[in-house]
Amino acid sequence: MACKGSLLIVARERGRFSWHKVYEPQSYYFSYKEAIAVTVEVYKSLKEDLLYERMNTKMIFRIKKRFIMCLIFILIFNLNITTKALENKNNKAIKQDLLCLMLAYPEDITDIKVNDNGLIYIKMKSQKLILYDDKKTKTIEEKINNADLQDTMEQLYPLSFPKGLMEKNFDPGRLRNYELLKEVYGSTKSSVEANLKKANIGYGNLQFNGNNNAAKELSAAIKEAATMSKGNENIRRALFPTSGTFNYRNISGTNRLSPHAFGIAIDLASNKNDYWKWASVKEGEKRLLTYPKELVNIFENHNFIWGGKWNHFDILHYEYRPEIIIKARYFSGKIEDDSVWYKKILLDNIEVKEKIEYINKVIN
Ligand SMILES: [Zn+2]
């Protein structure tokens, strides 16, 4: 629950009502708990308040009573309005995420289910249900270790080229939901291996996951980049020689599987300043700012995210994550209270339109 706006004191002063703003919150929304704490604080400091000083002692008792009643009223009033506004905004964000997921994994996600407690699941073609949002308040560490789908899509991936390293803990796309990856690309080493295809990159092949068009998009991206690299030495040096695709391993220093283990990530040409564990912030930033943005654009156009847009930078790393790119493409703007949750242009495509209608039916 959350409140919005400022706390006001309503007092009847010499026969007329007056309003006194006593608390302007830093953020647009503040928590219910915070509102109560502020109320108590304001009440305690009432003696020093100008309003209070102008009253005679007889009035003080009456004002005190009114003050408390008014604050309670305002809190309840605010809560009602803002919980609704928040619900509305949250609902829009939920629908956008679900649409991006359905568009990103069209053959794997068959339905959306909402259970009696209001928990939302995506249903996979195997009948498995994957929870969209566990509704838990988690620390960043907890999110990294146990990301639900909502967590993985929370930070909006920017499509523009960065002007410097991303701010602390801004790592859009670095959180992964392993239930989804295992369903789409293979749940064990041998099942991932069975799904690997040879992605033709013009002068040879790379092993990449054949499911959900991953290998096809890699091959298209590299061919395009290779063509562009012919007239551009900076691109050529960033592209070749590639440093690896499929590798069934954990992320270094963790017990979480790397996206390379699913055959959906590629490391392009390596530089000693590419990785946050190898290089200082200064070195990483220097490398980032000289990196060819045309190369990043090509990969993003083929639904790959780039590790250069993470605070935990991984500049040679590209990862096939269509849901993150689709969200960046269509839903990068602020969610307005009074507008529809989807971009009107999306209705031009009949399949997308059907999905929008379906989501509207399932999520009220
Ligand atoms: Zn990598």
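1. **The cis peptide.** Pro241 sits in the loop between α9 (233–239) and β10. Helices here are DSSP runs of H or I with at least four residues, strands are runs of E with at least two, and both are numbered from the N terminus. The peptide bond from Phe240 to Pro241 is cis, with omega near -5°. Most peptide bonds are trans, and most residues other than glycine have a negative phi.

2. **Basis.** This is a predicted model: local features need pLDDT of at least 70, side-chain atom pairs count only at pLDDT 80 or more, and totals for chains, interfaces and linings use all residues. Residues are numbered from 1 along each chain as its sequence is written.

3. **Overall make-up.** The secondary structure comes to 13 helices and 12 strands. Of the 364 residues of the protein, 33% count as buried. A residue is buried if 20 or more other C-beta atoms lie within 10 Å of its own, exposed if 12 or fewer, and partly exposed in between, with C-beta atoms placed from the backbone. Among contacts between residues at least 6 apart in sequence, 60% join residues at least 24 apart. A contact means that the C-beta atoms of two residues, placed from the backbone, lie within 7 Å.

4. **Nonpolar core.** The largest nonpolar core has 63 residues. Such a core is a set of buried Ala, Val, Leu, Ile, Met, Phe, Trp, Tyr and Cys residues joined through C-beta atoms within 7 Å. Leu101, Phe208, Leu218, Leu295 and Phe299 have the most contacts inside it. Take Phe208. Beyond its neighbours within four places in sequence, Phe208 touches Leu196, Lys197, Ala199, Ala214, Ala215, Leu218, Thr245, Phe246 and Gly263. In soluble globular proteins, nonpolar side chains tend to be buried together.

5. **Three-stranded sheet.** An open sheet of 3 strands has the order β5-β6-β7, with antiparallel pairing. Its edge strands are β5 and β7, each of which pairs on one side only. The twist averages 30° from one strand to the next. Axes are lines fitted to C-alpha atoms, for helices over the stretch in contact, and angles run from 0 to 180 degrees between N-to-C directions. Pairing requires that DSSP finds at least two bridges between two strands.

6. **Its two hairpins.** Strands β5 (residues 109–114) and β6 (residues 120–124) are joined by 5 bridges. Ile109 stands opposite Met124 in β6. The β5–β6 hairpin has 5 residues between its strands, and Gly118 in the turn has a positive phi of about 85°. Next, 3 bridges join β6 to β7. Lys123 has Leu129 in β7 as its bridge partner. The β6–β7 hairpin has 4 residues between the strands, and Gln127 takes a positive phi near 85°.

7. **Helix α6.** Leu180, Glu183, Val184 and Tyr185 are buried in α6 (residues 178–185). Seen down the axis of α6, its buried residues fall within an arc of 165°, so they line one face of the helix. The arc is that of the directions from the helix axis to the C-beta atoms. These buried residues pack against β6, β7 (129–131), α5 (149–154), α7 (189–195) and β9 (205–209). Just after α6, Gly186 takes a positive phi of about 125°.

8. **Helix α12.** In α12 (residues 322–330), 7 of the 9 residues are buried, so the helix is largely enclosed by the rest of the structure. Which residues of α12 are buried? They are Pro322, Glu323, Ile324, Ile325, Ile326, Lys327 and Ala328.

9. **Tyr275.** Tyr275 lies in the loop between β10 (265–267) and α10 (281–289). This residue counts as buried because it has 20 C-beta neighbours inside 10 Å. Tyr275 and Asp314 are 39 residues apart in sequence, yet 4.5 Å apart in space, C-alpha to C-alpha.

10. **Positive phi outside glycine.** Two loop residues deserve a look. Lys135 has a positive phi of about 60° although it is not a glycine. Lys135 is in the loop between β7 and α4 (140–145). With 12 C-beta neighbours inside 10 Å, Lys135 counts as exposed. Asn169, not a glycine either, has a positive phi of about 60°. Asn169 is in the loop between α5 and α6. Its 13 C-beta neighbours inside 10 Å make Asn169 partly exposed.
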